[in-house]
Amino acid sequence: MSTQTPAASPSSRDGFSSRFGVFAATLGSAVGLGNLWKVPYLTGTHGGAAFLLVYLVATLLIGLPVMIAEISMGRKSRANAVTTLQTLAPTRGPWWLIGVLGMLAAFFILAFYSEVAAWIFAYILKAIRGEVISSDPTVTADEFTALIGDPVQSFLWQWVVLVLIGTILMFGITKGIEAVTKRLMPLLFVLLIVLCAVSLTLDEAKAGLEFLFKPDLDELTTSTVLVAMGLAFFKLSVGMGTMMTYGSYFKPDQNIPVTAFRVMCADVAVSLLAGIAIFPAVFTFGFVPEAGPSLVFITLPAVFSQLPFGQTLMVAFFILAAVAATGALLSLLEVPIAIFHERLRISRPRATVLTLGLLAAPATAAAFSQNLLINWQVADMTPFVLFDYVSSNIMLPLGGILIAVFVGWRWGWPAFSVALSNEGQLRNQRLARVIFTLLKYVTPLLVILVMAQGLGLA
Ligand code: TRP
């Protein structure tokens, strides 16, 4: 357990202990079901390579600068997201509300994300037992529908996941988050590369790769661009204070832009590898890429059943996905936990229990979205879909605009450049200028434009 007292001074504050630990934990936050579930199904339903291209551009121009902004703010203040905005605002003002908005977004994301993680964990067991493996997608579809249609299983698996993640978090930063992600992230890469190697030997590998990498720009619409941008925020875990919170655990000599850039590259690599693992197989066995959210749960098991060692590979895939989900969930829960721990001065275990308690209502609404509450819809969306849509396409971009505006127009250039250069230790002023200019002008304008268009406001 963490021995830290609630009102710890900065020097005794828990944090990441090594360079690799910082990288693994930050990458562990970025890499998640986003890469293995969202990127493949959104790419599949939005036309393939053109969507992927917009997502990559948004990642570089919007996601990366906001990530760098968040980490440097967090490291400067060494505190949770709410306190960070409060202390960095030169004159007080309602800036801390950005932290509150972020915490709200964390609960929205956690609610549906923990349910998808629940299906993943359930599928590990099902795959080991050989239950979901069939070459007939109507059979695999029935299996999936039975799982999500069962309120008891949906609810229980979700709490298996949440209690597991909550337990890790009670151990704190070094002994909890860092210890776990340091071991799991390398495993994820190894498993993914094995799956890619198998997929590339399949007959229709070329069709799969073309779908992923040969853009057809006619496929793009304004709502597609909004979804791609929302994905860029979601993927890098930015726009809601996660990276601020993790930044507060960074060591003073960590090179922030370099670390952020590496995390972005590794995260994009995992998404592309996931696509390479999935789409050649989808095309080879005559499935459609447009299956939607069920792609990994219905299409993939049918694909695996046709591969040599299919069942073993399938177990491997779902373990991989569970690993990815774990690192991301840790970072999502850490945002409210850090806020409650430091603002309410309660111990980490208590803050964890409080967070899970508050999460219970929205999480249950998400768990029951496909069964008991299926008719409980707002604008044709179940709670599950609504939480996902509102968080990615409204809350994260909005948080991103506010963070960019905060850095560009309030925190300001002198403070930002000092933070980015580790108090003058690094010679990266030109780079810092570029990032600052992006944050001050480009990010807010671009995000407002895409949001207005995508939401049909302009
Ligand atoms: N980035 C993670 C993924 O791709 C999800 C995630 C973790 C996240 N922390 C976040 C998304 C904070 C938005 C904000 O699965």
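This is a predicted model: local features need pLDDT of at least 70, side-chain atom pairs count only at pLDDT 80 or more; totals for chains, interfaces and linings use all residues.

Reader: Which elements supply at least two residues each to the lining of the largest pocket?

Author: Those elements are α2, α6 (137-148), α10 and α16 (383-420), and the largest share, 6 residues, comes from α16. Sorted by class, this lining has 13 nonpolar, 7 polar and 2 charged residues.

**Reading the cavities**

Reader: A pocket is open, whereas a cavity is a space that the probe cannot leave. How many cavities of 30 Å³ or more does a search of the whole structure find?

Author: The search finds 4 cavities of that size. The largest cavity has a volume of about 140 Å³, and among its 17 lining residues Ser-29, Ile-109, Phe-234, Ser-237 and Leu-332 lie nearest its centre. Helices α1, α5, α10 and α14 each give at least two residues to this lining, which divides by class into 10 nonpolar, 6 polar and 1 charged.

Reader: How much space lies in the second largest cavity, and which residues line it?

Author: About 90 Å³ of space lies in the second largest cavity, and its lining is made up of Leu-195, Val-198, Ser-199, Ala-277, Ile-278, Ala-281, Leu-300, Val-303, Phe-304, Leu-307 and Phe-317. The elements that contribute two or more residues to this lining are α8 (173-200), α12 (256-284) and α13 (295-304). By class, the lining of the second largest cavity holds 10 nonpolar residues, 1 polar residue and no charged ones.

**Reading the ligand site**

Reader: Where does the ligand sit, and which residues come nearest to it?

Author: The ligand sits in the largest cavity, and of the 17 residues around the ligand, Ala-30, Gly-34, Tyr-113, Phe-234 and Lys-235 come nearest. The elements that each supply at least two residues of this shell are α1 (19-30), α2 (33-45), α5 (96-129), α10 (222-235) and α14 (310-343). The shell comprises 9 nonpolar, 7 polar and 1 charged residues.

Reader: When I look for polar contacts, I search for N or O atoms within 3.5 Å of each other. Which atom of the ligand is 2.4 Å from an N or O atom in the side chain of Lys-235?

Author: It is an oxygen atom of the ligand that is 2.4 Å from the Lys-235 side-chain atom. With Ala-30, a backbone N or O atom lies 2.9 Å from a nitrogen atom of the ligand, and with Ser-331, a polar side-chain atom lies 3.1 Å from a nitrogen atom of the ligand. As for cover, the ligand taken alone exposes 360 Å², and the protein buries 100% of that.

**Reading the backbone**

Reader: I would also like to read the backbone angles. What is the phi of Arg-78, and where is Arg-78 placed?

Author: The phi of Arg-78 is near 55 degrees, which is a positive value in a residue other than glycine, and Arg-78 is found in the loop between α3 (49-77) and α4 (81-88). Ser-237, also not a glycine, has a positive phi of about 55 degrees, and its place is in the loop between α10 and α11 (242-247).

Conventions:
Residues are numbered from 1 along each chain as its sequence is written. Side-chain values use heavy atoms; hydrogens and water are left out. A residue is near a molecule or strand if one of its heavy atoms lies within 4 Å of it. A polar contact is a pair of N or O atoms within 3.5 Å; within protein, one must be able to donate a hydrogen and the other to accept it, and residues adjacent in sequence count only if both atoms are side-chain atoms. Accessible areas come from the Shrake-Rupley method with a 1.4 Å probe; for residues, only the protein chains shown count as cover. On a 1 Å grid over the protein atoms alone, a cavity is a set of points where a 1.4 Å probe fits but cannot get out, and a pocket is an open set with protein on both sides within 12 Å along at least five of seven lines; lining residues have an atom within 4 Å of a point. A molecule sits in a cavity or pocket if more than half of its atoms lie within 2 Å of its grid points. Helices (H or I, at least four residues) and strands (E, at least two) are DSSP runs, numbered from the N terminus. Ala, Val, Leu, Ile, Met, Phe, Trp, Tyr, Cys and Pro count as nonpolar, Asp, Glu, Lys and Arg as charged, and the others, Gly among them, as polar. Grid points are joined across faces, edges and corners, and a volume is the space filled by probe spheres set on the points.
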